[in-house]
Amino acid sequence: MVIWRAPQSPQIKLNTDGSFDRDTLIAGGGGLIRDHLGRLMLAFHSSFQAVSSFHAELLALEIGLWHARQFSLQIWIELDAAAVVTMISSGGLGSWQVQHTLIRIRNMLKDLQYSISHIHREGNRPADHLAELGAATLGSHIVDEGTTSHHLLALIRMDQLGYPSFRFS
């Protein structure tokens with residue numbers, strides 16, 4: 001069972017996800033920023049060029065960090081990509097294809113008080129939904145509680161209420 005948890009005030013929470021289809025090379029990402037009550041502050045989805053799913057995850061994180069630091073310098077980053085969490089936490093350089101993205105992310109993190117953790121995909125459903133939109137829709141899109149879809153609002157509300165997501169091995 002996987003449950004999304006809200007951050008403690010004054011921290012905000014950033015959940016991101018990337019999407020990459022190696023057959024079509026279509027990539028996108030998305031994410032959302034929520035407050036200590038789990039309320040949506042901002043959500044985004046974007047299409048972009050990536051070389052791998054790992055790269056798509058990093059690009060989504062980079063966009064999410066750029067938006068999140070507009071709200072707070074105290075951020076809990078939660079991703080369903082364990083490899084990205086490990087790479088950021090360890091200070092690893094990554095492959096030559098992603099090094100520039102990692103450098104930009106680390107430069108943003110220098111100015112923040114942050115923690116980073118992994119959540120299973122089932123607990124990251126709103127960000128997963130936004131990543132799919134990013135891969136399916138050209139351009140960059142920003143939404144808030146008043147302009148987002150009922151589907152995304154329902155996923156966020158389920159997280160706020162502590163509804164579990166089930167993980168089957």
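Tutor: Start with a term for helix pairs: a crossing is left-handed if the near helix is turned anticlockwise from the far one by less than a right angle, and right-handed if clockwise. In this predicted model, α4 passes α5 in a left-handed crossing.

Student: Why are α4 and α5 called roughly antiparallel?

Tutor: The axes of α4 (residues 125-136) and α5 (residues 150-160) cross at roughly 160 degrees and come within 9 Å. Angles over 145 degrees count as roughly antiparallel, and α4 and α5 are therefore given that name.

Student: Which residues make the contact between α4 and α5?

Tutor: From α4 come Arg-125, Pro-126, His-129 and Leu-130, and from α5 come His-151, Leu-152, Leu-155, Ile-156, Met-158 and Asp-159. Six of the residues in this contact are nonpolar, two are polar and two are charged.

Student: Why are α1 and α3 called roughly parallel?

Tutor: Helix α1 (residues 53-68) and helix α3 (residues 99-109) have axes that cross at roughly 30 degrees and come within 10 Å. The limit for roughly parallel is an angle under 35 degrees, so α1 and α3 are roughly parallel to each other. Their crossing is left-handed.

Student: What makes the contact between α1 and α3?

Tutor: On the α1 side are His-55, Leu-58, Leu-59, Leu-61, Glu-62, Leu-65 and Trp-66; on the α3 side are Thr-101, Leu-102, Arg-104, Ile-105, Met-108 and Leu-109. This contact divides into nine nonpolar, two polar and two charged residues.

Student: What is the order of the strands in the sheet?

Tutor: The open sheet has six strands, ordered β5-β4-β1-β2-β3-β6, with mixed pairing.

Student: What makes β5 and β6 edge strands?

Tutor: β5 (113-118) and β6 (140-143) each pair on one side only.

Student: What does the UniProt record say about residues 15-132?

Tutor: An unreviewed UniProt entry annotates residues 15-132 as "domain: RNase H type-1". In the model, this span is 37% helix and 31% strand, and its end C-alpha atoms lie 14 Å apart.

Key
Residues numbered from 1 in each chain as written. Predicted model: local features only at pLDDT ≥ 70, side-chain atom pairs only at ≥ 80, totals over all residues. Heavy atoms only, no water. Axes fitted to C-alpha atoms, helices over the stretch in contact; angles between N-to-C directions. Helix = DSSP H or I, 4+ residues; strand = E, 2+ residues; numbered from the N terminus. Parallel < 35°, antiparallel > 145°, perpendicular 65-115°, else oblique. Contact = heavy atoms within 4.5 Å. Nonpolar A, V, L, I, M, F, W, Y, C, P; charged D, E, K, R; others polar. Pairing = 2+ DSSP bridges. UniProt positions renumbered as here; feature names shortened; annotations may be inferred.
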